[in-house]
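Work through the exercises below with the model open. Try each task before reading its solution.

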Amino acid sequence: MRRIWFRLREVAAASAGKRLLLCETLVALSAASLAIRLLPFRTVMSMAERAASGPAPASTPRQAACARVRWSVATCARHLPWRPLCFPQGLAAQWMLHRRRVPSVLFYGAAPDAAKGLAAHVWVCDRDVPVVGGRAAEGMAVLARFPAGRSGRAAFS
């Protein structure tokens with residue numbers, strides 16, 4: 001109970017803009033989590049295939065939008081009771097960037113893992129800048145990118 005109270009106090013202390021962004025992220029993470037659980041994989045990935053429409057924002061607003069989405073997804077995912085992993089976080093981030101007309105790329109990759117046999121990961125980039133999941137993408141082989149025609153650096157060194 002104490003932990004929930006701390007979370008509520010933290011959100012209440014945030015600015016109105018941040019609270020609104022956290023609400024948007026809560027909806028996006030919830031929708032992504034439900035979509036992954038309830039819909040066929042092909043349907044979920046077709047949602048990620050849609051490219052952002054319209055002109056992309058200039059560099060500075062684009063970087064600011066990516067930073068806000070990065071912060072919001074990380075903050076919200078850390079405080080949700082069901083702990084969304086990389087896939088719902090990546091989908092939510094991409095949807096949120098799409099709303100801001102930032103043309104992001106969602107990468108789906110895998111790498112050998114001694115304990116599991118194969119480890120899979122999802123991450124989102126804007127150009128060469130990781131927005132969500134970039135650190136864990138090191139060493140991953142890209143299996144697919146969404147939208148497929150978009151460029152973007154898939155692996156980080």
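**Exercise 1.** Is Cys-125 buried or exposed? Then decide how many disulfides there are.

*Solution.* The model is predicted. Start with accessibility. Cys-125 has 0% relative accessibility, so Cys-125 counts as buried. Cys-66 has 3% relative accessibility and is buried too. Next, check the sulfur distance. The closest cysteine sulfur to that of Cys-66 is in Cys-125, 9.8 Å away. A disulfide needs the two sulfur atoms within 2.5 Å. The pair is therefore too far apart for a bond. Cys-125 is in no disulfide. The count is zero disulfides.

**Exercise 2.** Describe how helix 4 and helix 5 pack, and list the residues that meet.

*Solution.* Take the geometry to begin with. Helix 4 spans residues 59-79 and helix 5 spans residues 86-99. Their axes lie 10 Å apart, at an angle of about 145°. The crossing is right-handed. Now list the contacts. Helix 4 brings Ala-65, Cys-66, Val-69, Ser-72, Val-73 and Ala-77. Helix 5 answers with Gln-89, Ala-93, Met-96 and Leu-97. Sort them by class: eight nonpolar, two polar and no charged residues.

Technical notes. Residues are numbered from 1 along each chain as its sequence is written. This is a predicted model: local features need pLDDT of at least 70, side-chain atom pairs count only at pLDDT 80 or more; totals for chains, interfaces and linings use all residues. Side-chain values use heavy atoms; hydrogens and water are left out. Axes are lines fitted to C-alpha atoms, for helices over the stretch in contact, and angles run from 0 to 180 degrees between N-to-C directions. Helices (H or I, at least four residues) and strands (E, at least two) are DSSP runs, numbered from the N terminus. A crossing is left-handed if the near helix is turned anticlockwise from the far one by less than a right angle, and right-handed if clockwise. Contact means heavy atoms within 4.5 Å. Ala, Val, Leu, Ile, Met, Phe, Trp, Tyr, Cys and Pro count as nonpolar, Asp, Glu, Lys and Arg as charged, and the others, Gly among them, as polar. Buried means under 20% relative accessible area, exposed over 50%, partly exposed in between (1.4 Å probe, protein chains only).
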